[in-house]
Amino acid sequence: MMVRHRTAALMGALLLPLAGCGMADGEASPVGSEAAVIATPPPGPFTLGVQTHFGQGWPATRLGVARDLSAPLLRDGLSWQVSEPVAGRIALDPARIAPLDRACASGMKLMLTVIPRHRLYDGGRIVTSPEGRAAFAAYLDTLARRFGDCLVAIEVGNEINGARALPVPRGTDPLAAYVGVLATLRGSFAQSHPQVALLGGSTNAIGTGFLVRLFRMGLLSHADGISVHPYRDHGENIEWEIAR
């Protein structure tokens, strides 16, 4: 099954389009009728973007640097925990969203990274309860309505292959919990905001083995794209890693 996708490349983050559902083996070329691979992206525009941290308090003057780079896409974040101080009451900080509004007004597009954790839900761990996941979906709905067509993608989680990135209750599979969040968003949120791509994976480095485990959990059925962060000092071998 083909999955609709959007592609974007950013400083420190590379979004890979999904070429199919099934399993991709990070150790060897997959074989068998049930296996699928991430193929070379189809021809299309390559979009340059920049990472900013206005959601963490960067001064709005930094927006001028992004404009000087002629980058039409910003990757930033707005903390769910900060934006919902009381359960059910979402209040976006005007100072944090003002630079994002200015970026939208200038014609830029936004890709927001949001971590599905909040101290008021599920003990501050990855949301696993229906109430926690519904609250997370409601927060993303607020962002999508607030930024409208300017918001083109939401990256769920950030570098989730870190040792402490997916805290869950004892006895819960952290990868299954993460995929469950995407599955919830694939419901009402995706139907209400089809223009917003849901991005999964979000690995520090191109973690093919880690991603294979997520794919086997069903991630490819719920995400529009896979995000990887290929940090490095030199570019050698990155094409080989992306191809895998």
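Student: Which residues in α5 meet which residues in α7?

Tutor: The model before us is a predicted one. On the side of α5, the residues are L175, Y178 and V179, and they meet F210, R213 and L214 in α7. By class, the residues of this contact comprise five nonpolar, no polar and one charged.

Student: How do the axes of α5 and α7 cross?

Tutor: Two values describe such a pair: the approach of the axes and the angle between them. Here the axes come within 9 Å and cross at roughly 65°. The crossing in which α5 passes α7 is right-handed.

Student: What span does α5 reach from its first C-alpha to its last, and what is expected?

Tutor: The expected span of a helix is 1.5 Å times one less than its number of residues. Helix α5, residues 174–185, has 12 residues; it reaches 17 Å, close to the expected 16 Å. For α4, 18 residues should span 26 Å at 1.5 Å a residue, and its end C-alpha atoms are 26 Å apart, so the two values agree.

Student: What caps the N-terminal end of α5?

Tutor: The cap is D173, with a side-chain oxygen 2.9 Å from the backbone nitrogen of L175.

Student: Which residues of α5 are buried, and against what do they pack?

Tutor: A residue counts as buried when its relative accessible area is under 20%. In α5 this holds for L175, A177, Y178, V179, G180, V181, L182 and L185. These buried residues pack against the strands β7 (121–126), β8 (151–156) and β9 (197–204), and against the helices α4 (130–147), α6 (188–192) and α7 (208–216).

Student: Which residues of α4 are buried, and what follows α4?

Tutor: The buried residues of α4 are G132, R133, A135, F136, A137, Y139, L140, D141, L143, A144 and F147. After α4 comes G148, which has a positive phi, near 55°.

Student: Where are positive phi values found in a residue other than glycine?

Tutor: D122 is one case, with phi near 55°; S202 is another, with phi near 50°. D122 lies in strand β7, and S202 lies in strand β9.

Student: Is D122 buried or partly exposed, and why does S202 count as buried?

Tutor: D122 is partly exposed, because its relative accessible area is 21% and the cut-off for buried is under 20%. S202 counts as buried because its relative accessibility is 0%.

Student: With what does the side chain of S202 make a polar contact?

Tutor: The partner is the side chain of E155, at 2.7 Å.

Student: Where is L219 placed, and what is in contact with it?

Tutor: L219 belongs to the loop between α7 and β10 (225–229). Its relative accessibility is 0%, and therefore it counts as buried. Apart from neighbours within four places in sequence, the residues in contact with L219 are Y178, V179, L182, G200, G201, L214 and I226.

Student: Why does I97 count as buried, and what is in contact with I97?

Tutor: I97, found in helix α3 (residues 94–105), counts as buried because its relative accessibility is 7%. With neighbours within four places in sequence left aside, I97 is in contact with L78, L92, R146 and F147. L78 is 19 residues from I97 along the chain, and the C-alpha atoms of the two are separated by 8.2 Å.

Student: How many helices and strands are there in the protein chain, and what percentage of the residues count as buried?

Tutor: The protein chain has eight helices and 10 strands. Of its 244 residues, 45% count as buried. As for contacts between residues at least 6 apart in sequence, 72% join residues at least 24 apart.

Terms used. Residues are numbered from 1 along each chain as its sequence is written. This is a predicted model: local features need pLDDT of at least 70, side-chain atom pairs count only at pLDDT 80 or more; totals for chains, interfaces and linings use all residues. Side-chain values use heavy atoms; hydrogens and water are left out. Helices (H or I, at least four residues) and strands (E, at least two) are DSSP runs, numbered from the N terminus. Buried means under 20% relative accessible area, exposed over 50%, partly exposed in between (1.4 Å probe, protein chains only). Contact means heavy atoms within 4.5 Å. A polar contact is a pair of N or O atoms within 3.5 Å; within protein, one must be able to donate a hydrogen and the other to accept it, and residues adjacent in sequence count only if both atoms are side-chain atoms. Axes are lines fitted to C-alpha atoms, for helices over the stretch in contact, and angles run from 0 to 180 degrees between N-to-C directions. A crossing is left-handed if the near helix is turned anticlockwise from the far one by less than a right angle, and right-handed if clockwise. Ala, Val, Leu, Ile, Met, Phe, Trp, Tyr, Cys and Pro count as nonpolar, Asp, Glu, Lys and Arg as charged, and the others, Gly among them, as polar.
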